[in-house]
Amino acid sequence: MERPLSPTYDVVIIGGGVVGCAVLRELSRYDLRLLLLERESDLAEGISKGNSGVIHAGFNVPPRSLKARTNVAGLKLVYELASTLGVPHRKTGKLVVALADEDKPRLEELKAQGDRSGVPGLEIVDEAAIRRLEPLARGRWALWSPHTGIVSPYELTIALAECAAQNGAEVRLEAPVESVRVGNGLFRLATPTGEFAARRVVNCAGLFSDEVARLAGIDDFRIFPYRGEYLITDKDCGLRLAMPVYPVPPRDDPGLGIHITPTLEGNILLGPSAEPVGDKRDLATTREVAARLKAEAARLMPEIARVPFIHSYTGIRPKLFDPSGGDRFGDFIVEESKRKPGWISLAGIESPGLTAAPALAEMVVAMLGARMDLRLKSDFIPVRPHRKRFAALDDDERAGRVAADPGWGEMVCRCEHVTRAEVVAALRNPFGARTLDAVKRRTRCGMGRCQGGFCAPRIVEILQDEGVPVDRITKRGGGSRLFYGRLKG
Amino acid sequence: MMRQKIDTCDVAVIGAGPAGLAAALGARRAGAGKVLLVERERTLGGILNQCVHDGFGLFLYKETISGPEYAERLAEDVAREPIKIETGAMVLDLSPARVLKINSRAGYRLVEARAVVLAMGCRERTREMIEIPGTRPAGVFTAGSAQNLVNLQNLRIGNQAVILGSGDIGLIMARRLVFEGVAVKGVFEILPWVSGLERNVRQCLMDFAIPLELGATVVEIRGRDRVESVVVAKVDDTLAPVAGTERVVPCDTLLLSVGLIPENELAKRAGIELSPLTGGAVVDESLMTSAAGVFSCGNVLHIHDVADWASFEGFAAGASAARFAAGEMPARETVRVSPGPHVKYALPQLLTRGTAGVEWSFRVTCPLRNVQVVVKGKATGKVYARKKFPRVLPSELQKIKVRPAVEEDLEVSCHE
């Protein structure tokens, strides 16, 4: 049977991570028919959920590299973007600490590198200044970066997509691209739910960008997955870390070294490690690495040794260098295929990709604009519908909300104080993401210290009220079902 | 502060499980006028409602009934009293001045109470707290969540289960899953002894030939989307896994029954002193916490072995709260009571100087036979109480009564 023909899109973006969603939102300023295809059951299910959530200033990468240019350009955009979209973020500043005098030259190298790239405000500071800036940190010397900050990476991703959707862009979840046909100036992208024709394709498929490119006959790069494990402390651990604290980047570490980072809610992240793995979806955590994270974090912050952890997770970096190879850099790739004009690939977008995303999006728009007519829409809405969390409301606002809608009076999550109204709103997101993890990322249900023990059964009830059959309730889509039907009883 | 007016009451009880229901009754029976009972679930009874098995009420009602029946009896008594009941209402904040912020579908409001009884119960330790490495698939449940999903929502949570930890809920759920046709591959306990009650080992595991392995734990969870197997290993004396003893147990479900933690979020907000030994508040013989007029009982104070004891504590806390609300409890000087050898904790931790006839609850740190439990004065060495036990287990809450008046700090110890 012939599949129904879909309309032809001006641009199809493959991949709903922060980069894909930033590109989608940037393009939604223009009079274009847009579609984003995401293979998982929600946005931000890949690299964009498993990172430190740091807005980087740009001193860690070599000047003139694409990483450095997009990082520094992105830094100028990302705070305002987060504000516009109502995404939690904070300019915290950051310390890179040298524990011994002999490491001070490394800090000076980093500073020189940052200065050359135009990173603002970098300073080498001494022990007394470290104590003043971050009393929990230890170190002889530090590089102080006042413009570094933190943001919730998955909230930024979702907000970008919501804004784009509001401006007419379409998003399809659980739509992995399985084959690509090229002809008549169109790319025909086949997914399990149908075929989509695109005049231009922007491949933002993250870890899978090489595999997606190969579907179109483009075999210019290969992605090597590097696993990074993290630990998260309880918010009530008694320690309030004000800013990210990094070690001097270890020479043998393909990442930035194991660091400690505050979250916006007051937890502390430890990590990440950096190990090459064979499987791009190998999100396991290990006993050995957890022990190493604690040991190394304790060098930066001795108090961490007596702190309880409530969660651990793993992120995978999409590196462009072979683990056995000599080159340890691997710059971002942002290029239009010479053999397949109209197909733009963004590959190897690891750190500082979160910060660079808005700049990368502008780059993509410029590349597309060079070869097609882009007309700005007069009715572009830069913000998105946004509601403050119940937990962040004052008493009068709370009373007002509950009076207007009793759903705000029904507490679902005890730990993070999330109401039924918020869970229902999350489930009615414009993309149809209806997994437990989708609710968690939008509401914080399950992120607290009971880790969903109390709220998961409640959310299961609400999911059914919202029309999701029991057998289709999943943790994160695919085969992650929670139940095998009902009991006889 | 809110613009709207603040309601008042004499005694506010937070939580309507076995302890909170009893506390509301205790407050009324001790003469409190306006008693408010706040429960976050839609029905009274708390966790009792999902405990459909028998074994409740032996001490309170002198017969064994199910959890829901136990809850119903207490709730009927509550209904006979002019107690204001709010269900589906959660207390979000408690100030040291005893102002509660309550949210429910009926509205968000502030209530100022002359006395407060904390009876919020406990929560379960999670996979992350015990740091089980591996993947993050669906199919990992805490035993209590699983009990909710199975007993209250009638859902089939898996086909082949492994249970880690030998807490009572895990043991009860092992049997429950077998009833529902789920294969229970085994119960693994890291300690060399069982954490739950002996009767549950007998009635829930042995009667159903469910294997129990002590000194073994889950060292890895496998499976990308849904649990596919767990790796189990023996542990050494330091509870560290022994290399080479790992074996893969195929299953699609892992239940965790690895301990309960008093849910003291509100106590923390009110700045109440908590004991690192119990996870609950530090209380005196009236069950008053470090915040004047705030009392604690049930599993939010310390983890109980049977619901009846939580109720008895509730009656006592409610009565104390009524006395405080009536202005009948002046502040007094206290002595400290601390655990000695083989004793994990003894409660109350504080005692008003000169008080006689107080009963202590305590738990031991490991199973022991033919022991003598001694309550001794720290300054004088005077023995205030002595009681022989043929056998004591960490899973059981024990009691010892001190008859003479006490004028010094005490130590409760256990000797073989």
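In this predicted model, strand β4 of chain A is joined by 3 bridges to strand β8, residues 149-151 of chain A, and the two run antiparallel. These strands belong to an open sheet of 3 strands, ordered β3-β8-β4 in chain A.

**The three-stranded sheet**

- The pairing within the sheet β3-β8-β4 of chain A is antiparallel, and its edge strands, each of which pairs on one side only, are β3 (54-55) and β4 (89-91) of chain A.

**Chain A as a whole**

- Chain A contains 12 helices and 22 strands, and its radius of gyration of 23 Å is close to the 23 Å that the globule rule gives for 489 residues, so chain A is as compact as a globular protein of that length.
- The C-alpha trace of chain A spans about 70 × 60 × 45 Å along its principal axes.
- Of the 489 residues in chain A, 56% count as buried.
- When contacts in chain A between residues at least 6 apart in sequence are considered, 73% of them join residues at least 24 apart.

**Packing of helices α2 and α8**

- Helix α2 (residues 66-85) and helix α8 (residues 353-369), both of chain A, pack with their axes 6 Å apart and at an angle of about 105 degrees; since angles of 65 to 115 degrees count as roughly perpendicular, α2(A) and α8(A) are therefore described as roughly perpendicular to each other.
- From α2(A) the contact draws on residues including A:T70, A:N71, A:L77 and A:L81, while α8(A) contributes residues among them A:T355, A:P358, A:L360 and A:M363.
- By residue class, the contact of α2(A) with α8(A) divides into 11 nonpolar and 4 polar residues, with no charged residues.

**The contact between chain A and chain B**

- The contact takes 45 residues from chain A and 43 residues from chain B.
- On the side of chain A that touches chain B, the elements giving two or more residues are α7 (287-300), β18 (309-319), α9 (395-404) and α12 (455-465) of chain A, and the largest share, 6 residues, comes from α9(A).
- The residues on that side of chain A divide into 20 nonpolar, 14 polar and 11 charged, whereas the contact of α2(A) with α8(A) includes no charged residues.

Conventions: Residues numbered from 1 in each chain as written. Chains lettered and ligands numbered in written order. Predicted model: local features only at pLDDT ≥ 70, side-chain atom pairs only at ≥ 80, totals over all residues. Pairing = 2+ DSSP bridges. Helix = DSSP H or I, 4+ residues; strand = E, 2+ residues; numbered from the N terminus. Contact = placed C-beta atoms within 7 Å. Nonpolar A, V, L, I, M, F, W, Y, C, P; charged D, E, K, R; others polar. Rg over C-alpha atoms; globule rule 2.2 N^0.38 Å. Buried ≥ 20, exposed ≤ 12 C-beta atoms within 10 Å, placed from the backbone. Axes fitted to C-alpha atoms, helices over the stretch in contact; angles between N-to-C directions. Parallel < 35°, antiparallel > 145°, perpendicular 65-115°, else oblique.
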